[in-house]
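Here is a short report on one structure. Please look at the sequence and the model before reading on.

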Amino acid sequence: MKNKGTLYLIPSPLGDYDPSMVLPRPVLERICGIGKYVAEESRTVRRFLSAAGLKGKIAGLQMRELNEHTSQAETEALLDLFSDPDGSPTDVGLVSEAGLPAVADPGARLVDLCHRRGIKVVPLTGPSSLMLALMASGLNGQRFAFCGYLPAKTEERRKAIKEIEGRSARYGETEIFIETPYRNDSMLSDLVATLRPTTRLCIAADITLPDETIITRTVKEWKASPASVGKRPCVFLLLAQDRVPEGSKTSYRSHE
């Protein structure tokens, strides 16, 4: 591509509320200056863009979808968005369903393709459920790993839980993972049944929303006070407490 626009990675709110509550003014201004968008789901993103300052202008936007069903050929065809018919460069905005695009999100494929084709990529500031959950968990923020989705089947999921708990114990590392909302309670049940009693487990649901719930307890405490997450967007975090990370002043050994 001789003339190249820029790909802007545009965060969106973690729920259905005024974007100005979580997005800085320069980000909102940038959104209003972009006429082409790639979205995981067009309907959701149109509603977000309308609330972000493009109300009444949505019909004039050019929007294409990129989701788990998008083929590689269809992804590559999105590169056509970065120039107008006359060859002049055009900027494009990439928006996820919620939070940061390209993190646990199919939009990462477009970002990778832009780097390969020499198209500038600019990340904009906005909410990240993963980082907000880590901030509020009280767990180790010096060393952590995002594990994405764990297996859906119980036996495989419990095996994966033991594996990431072992890694947490070896490295003093906070392990972060997510689940499809309708499987949240199954995940919590497997975590409580599989993890060591002293491992600290945080559930962070509906982050930034009115019903926000962020609770960190030992597994022993979770067993003593059973809870239900329900079908809400949720981040799970765990930290095994039987190791003190080298060079750290914070102890993760159990005091129970």
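## A threonine in a helix

In which helix is the place of T75? T75 sits in helix α3, residues 72-77. The model is a predicted one. T75 is buried, with a relative accessible area of 1%. That is below the 20% cut-off for burial. Leaving out residues up to four places away in sequence, T75 touches L66, T70, R109, L110 and L113.

## The five-stranded sheet

Five strands form an open sheet in the order β6-β7-β10-β8-β9. The pairing is mixed. β6 (144-149) and β9 (213-218) stand at the edges with a single partner strand each, so one side of each has no neighbour in the sheet. From one strand to the next, the twist averages 15°.

β6 and β7 pair in the parallel sense, over four bridges. The bridge partner of Y149 is I178, in β7. Helix α5 (residues 129-137) packs on the sheet. This helix touches β6, β7, β8 (200-205), β9 and β10, and its direction makes about 45° with that of β10. Helix α7 (residues 184-194) lies across β7, β8 and β10. Helix α7 runs at about 10° to β10.

## Aromatic rings

A search of the whole structure finds one aromatic pair. The ring centres of F177 and F236 are 5.8 Å apart and the planes are at 10°, so the pair is stacked. F177 lies in strand β7 (residues 174-178) and F236 in strand β10 (residues 234-239), so the pair ties together parts 59 residues apart in sequence. F177 is buried, at 0% relative accessible area. F236 is buried, at 0% relative accessibility.

One charge also sits over a ring: R217 lies over the face of W222, 4.4 Å from the ring centre.

Key: Residues numbered from 1 in each chain as written. Predicted model: local features only at pLDDT ≥ 70, side-chain atom pairs only at ≥ 80, totals over all residues. Heavy atoms only, no water. Helix = DSSP H or I, 4+ residues; strand = E, 2+ residues; numbered from the N terminus. Buried < 20%, exposed > 50% of the residue type's maximum accessible area, 1.4 Å probe, protein only. Contact = heavy atoms within 4.5 Å. Phe/Tyr/Trp six-rings, centres within 6.5 Å; stacked < 30°, edge-to-face > 60°. Lys NZ or Arg CZ within 6 Å of the ring centre and 35° of its normal. Pairing = 2+ DSSP bridges. Axes fitted to C-alpha atoms, helices over the stretch in contact; angles between N-to-C directions.
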